[in-house]
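Here is my note on the model, written to be read beside the sequence and the coordinates. Please keep both open while going through the points.

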Amino acid sequence: MARSGNKAAVVLCMDVGFAMSNSLPGEESPFELAKKVMTMFVQRQVFAESKDEIALVLFGTDGTDNALACEDQYQNITVHRHLMLPDFDLLEDIESKIQPGSQQADFLDALIVCMDVIQQETVGKKFEKRHIEVFTDLSSPFSKDQLDTIIHNLRKSSISLQFFLPFPVGKEDGAGDRGDGNLPSDHHGPSFPLKGITEQQKEGIQMVKRVMMSLEGEDGLDEIYSFSESLRQLCIFKKIERSSMSWPCQLTIGSNLSIKILAYKSILQEKVKKSWTVVDARTLKKEDVHKETVYCLNDDDETEVPKEDTIQGFRYGSDIIPFSKVDEEQMKYKSEGKCFSVLGFCRSSQVHWKYFMGNQVLKVFAAKDDEAAAVALSSLIHALDELAMVAIVRYAYDRRANPQVGVAFPHIKDSYECLVYVQLPFMEDLRQYMFSSLKNNKKYTPTEAQLSAVDALIDSMSLVKKNEEEDTIEDLFPTTKIPNPQFQRLFQCLLHRALHPQEPLPPVQQHVLKMLDPPTEVTAQCQTTLSKIKTLFPLTEAVKRREQRTAQDIFQDKHEEGPTSKKLKTEEGEAHFSLSSLAEGVVTKVGSVNPAENFRVLVRQKNASFEEASHQLINHIEQFLDTNETPYFMKTMDCIRVFREEAIQFSEDQRFNDFLKALREKVEIKQLNHFWEIVIQDGITLITKDEAAGSSVTAEEAKKFLAPKENPKQDAAALLEEGGDVDDLLDLI
């Protein structure tokens with residue numbers, strides 16, 4: 001289709017004559033295929049937010065509507081749409097309004113009408129390219145009288161031309177599809193073997209070849225496409241074209257050396273444009289929906305609060321720290337402005353690729369038409385390259401932006417040279433994880449045969465193919481040429497919903513699903529090694545043994561005490577410990593994500609003393625309670641339960657009992673009665689001397705500990721309601 005580049009004026013010229021509706025049994029007609037090709041082209045332009053303007057001219061229509069029509073000239077040719085930006089209205093017209101006609105028209109006359117549309121409607125507008133695309137089966141008669149004039153005017157007006165036919169046209173014998181091995185071939189149109197083409201079509205093919213070769217020589221024949229070939233090439237939505245804006249700055253080294261530079265975004269993560277908006281479901285108009293925000297107090301009356309009486313706050317733990325707009329402005333980092341300052345140099349081997357971060361890559365060039373800057377920057381680039389060094393840079397986009405630290409390394413090509421800047425992490429950006437080593441466990445040590453098999457698998461799945469004869473390297477899976485499947489699916493659904501508002505969304509297109517499949521060449525190569533891997537690494541089903549439960553297990557007294565009960569609890573705890581320790585790896589402290597299991601692992605593996613681990617666990621319990629939220633209450637209960645179990649096992653019963661008594665006091669002070677009700681329901685109480693020999697708490701005392709305390713004020717109120725006398729009230733006091 002029209003080549004990408006600057007703004008273009010494109011005229012789609014479609015044959016709708018009665019012959020276009022003819023087709024072989026079981027195949028789509030050229031008319032339907034032409035509409036498909038045009039739809040795909042227009043939808044690519046719409047979603048790419050292209051600035052190209054598109055017109056639509058139909059020939060073979062029952063009526064006539066064009067500026068050149070007079071008497072018997074340029075009849076049955078209609079300008080359906082004049083030059084304008086493509087939109088969904090044009091897509092709807094192509095799909096539903098364009099219908100086959102009952103007439104025929106000269107495609108050369110239609111070319112003249114298209115040329116007139118371009119010449120008349122581009123006046124006063126700036127277009128870098130002018131282009132006509134003709135969709136026809138060449139079944140209509142044509143006149144050669146004005147052929148030389150047409151070719152002359154196409155050249156004079158710099159109008160390029162493309163033909164789209166129902167059959168492939170070769171360079172020599174008139175048949176043969178060029179194809180494209182890299183594109184999916186799931187579209188099939190009519191094949192039209194050479195012997196099945198009519199004499200009129202053969203004459204039309206020769207005419208088309210003559211026109212294209214007159215315009216562009218032998219290369220002109222490459223601009224003749226078959227419908228099936230076009231469908232394969234247009235099945236991918238076109239990416240949104242972005243022009244990179246330059247970022248002028250000064251590259252400074254110390255206080256005396258400054259180089260004028262221009263930086264461009266070489267790589268930038270593309271995100272879905274936030275075009276979603278709320279509209280009225282009936283009118284589909286945004287202005288019919290009015291949004292109002294009301295602030296209310298969290299009380300029974302939901303008292304409304306004026307916006308000017310509110311202030312934003314930062315939640316720090318359980319506290320809210322008020323922070324006004326003035327505070328926010330004062331907090332912001334204030335810099336002198338844009339900055340690209342070299343902090344120092346280091347060897348390139350010291351900057352590992354794993355530290356590259358950010359969502360963009362900048363290429364830094366010398367300022368245009370500044371010879372001194374070009375010489376200075378070139379010297380720096382070549383010096384870094386020869387010494388295998390890189391520059392560590394302080395980068396700030398402008399005075400409002402927070403500064404970054406990044407690396408600038410030399411990049412030298414035959415056609416240009418520059419510095420490439422990538423952001424580096426600060427301390428808070430790093431994530432440190434500790435995992436237990438597999439080398440220490442002989443059970444997981446691979447054999448030589450297993451290692452060799454995995455090496456062979458990696459070699460067979462290489463995505464790089466080297467051509468020994470030409471000494472070149474071919475990338476079998478070039479990610480930079482693979483469109484983002486997320487965008488492809490989004491555009492497919494938006495297009496379908498715009499054209500078919502009542503129908504369900506279609507399934508994901510097959511070519512989108514195949515985008516991220518491994519290359520067929522790689523899949524074929526690795527089959528043998530995969531079979532070997534399967535043999536050397538046998539998989540056995542891990543059948544979970546079902547515990548045999550007896551009547552005693554099912555109907556046992558939950559409060560049963562004695563040696564048997566304690567033994568079962570200990571065994572369950574040990575089993576749970578072994579699984580958690582395997583999942584956690586090396587635990588060095590009690591974390592907030594899984595504090596109960598962290599505590600259990602710490603005390604069992606003796607990575608910390610019981611006192612230290614319990615202090616960490618208690619701190620997390622207090623933080624969870626400060627949130628006053630049910631999910632954190634459940635997490636707190638897990639912590640208390642594990643604390644109690646481990647305290648019994650390690651004879652730290654007194655430490656747990658002191659904690660539980662202090663916890664009850666804090667709960668009363670903070671009025672977290674609903675939490676204490678959960679504790680009572682779960683029956684978590686003090687450790688008794690029946691459970692731990694060192695405890696002095698009896699079973700009766702433990703039971704009373706969970707009983708709610710008497711509240712004299714509530715009792716007094718109850719007596720007054722029941723008519724109690726003053727003496728009873730004084731006795732209570």
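1. Basis of the note. This is a predicted model, in which local features need pLDDT of at least 70 and side-chain atom pairs count only at pLDDT 80 or more, while totals for chains, interfaces and linings use all residues. Residues are numbered from 1 along each chain as its sequence is written, and side-chain values use heavy atoms, with hydrogens and water left out.

2. The protein as a whole. The secondary structure comes to 23 helices and 19 strands, where helices (H or I, at least four residues) and strands (E, at least two) are DSSP runs numbered from the N terminus. Of the 733 residues, 37% are buried; buried means under 20% relative accessible area, exposed over 50%, and partly exposed in between, with a 1.4 Å probe and protein chains only. The accessible surface is about 46,700 Å², and 52% of it belongs to carbon and sulfur atoms; such areas come from the Shrake-Rupley method with a 1.4 Å probe, and for residues only the protein chains shown count as cover. Among contacts (heavy atoms within 4.5 Å) with a separation of 6 or more, 70% are accounted for by residues 24 or more positions apart.

3. Helices H16 and H17. Two packed helices are described by the angle between their axes and the distance between the axes. Helix H16 (residues 595-605) packs with helix H17 (residues 610-627) at an angle of about 175 degrees, and their axes are 9 Å apart; axes are lines fitted to C-alpha atoms, for helices over the stretch in contact, and angles run from 0 to 180 degrees between N-to-C directions. H16 and H17 are therefore roughly antiparallel, given that angles under 35 degrees count as roughly parallel, over 145 as roughly antiparallel, 65 to 115 as roughly perpendicular and the rest as oblique. Pro595, Phe599, Leu602 and Val603 of H16 meet Phe610, Ala613, Ser614, Gln616, Leu617 and Phe624 of H17. By class, this contact has 8 nonpolar, 2 polar and no charged residues, where Ala, Val, Leu, Ile, Met, Phe, Trp, Tyr, Cys and Pro count as nonpolar, Asp, Glu, Lys and Arg as charged, and the others, Gly among them, as polar.

4. Helices H18 and H19. H18 and helix H19 (residues 653-669) pack at about 150 degrees, with axes 8 Å apart, which makes H18 roughly antiparallel to H19. Their crossing is left-handed, a term used if the near helix is turned anticlockwise from the far one by less than a right angle, with right-handed used if clockwise. On the H18 side the contact is made by Ile640, Phe643, Arg644 and Ala647, and on the H19 side by Asp653, Arg655, Phe656, Phe659, Leu660 and Leu663. These residues divide into 7 nonpolar, no polar and 3 charged.

5. Helices H18 and H20. Helix H18 (residues 630-649) also packs with helix H20 (residues 673-682), here at an angle of about 45 degrees and with axes 11 Å apart, so that H18 is oblique to H20. The crossing of H18 and H20 is right-handed. Phe633, Met634, Thr636, Met637, Ile640 and Arg641 of H18 meet His674, Phe675, Ile678, Val679 and Asp682 of H20, and the residues of this contact comprise 7 nonpolar, 2 polar and 2 charged.

6. Backbone points to check. Most residues other than glycine have a negative phi, and most peptide bonds are trans. Glu302, although not a glycine, has a positive phi of about 50 degrees; Glu302 is placed in the loop between strand E9 (295-296) and strand E10 (304-305) and is exposed, at a relative accessible area of 55%. Gln671, also not a glycine, has a positive phi of about 55 degrees; Gln671 is found in the loop between H19 and H20 and is exposed at 63%.

7. Val10 is found in strand E1 (residues 8-15) and is buried, with a relative accessible area of 0%; its C-alpha atom is separated by 4.8 Å from that of His131, 121 residues apart along the chain. Ala702, in helix H21 (residues 699-706), is buried at 3%. Not counting residues up to four places away in sequence, Ala702 touches Thr685, Leu686, Thr688 and Val697.
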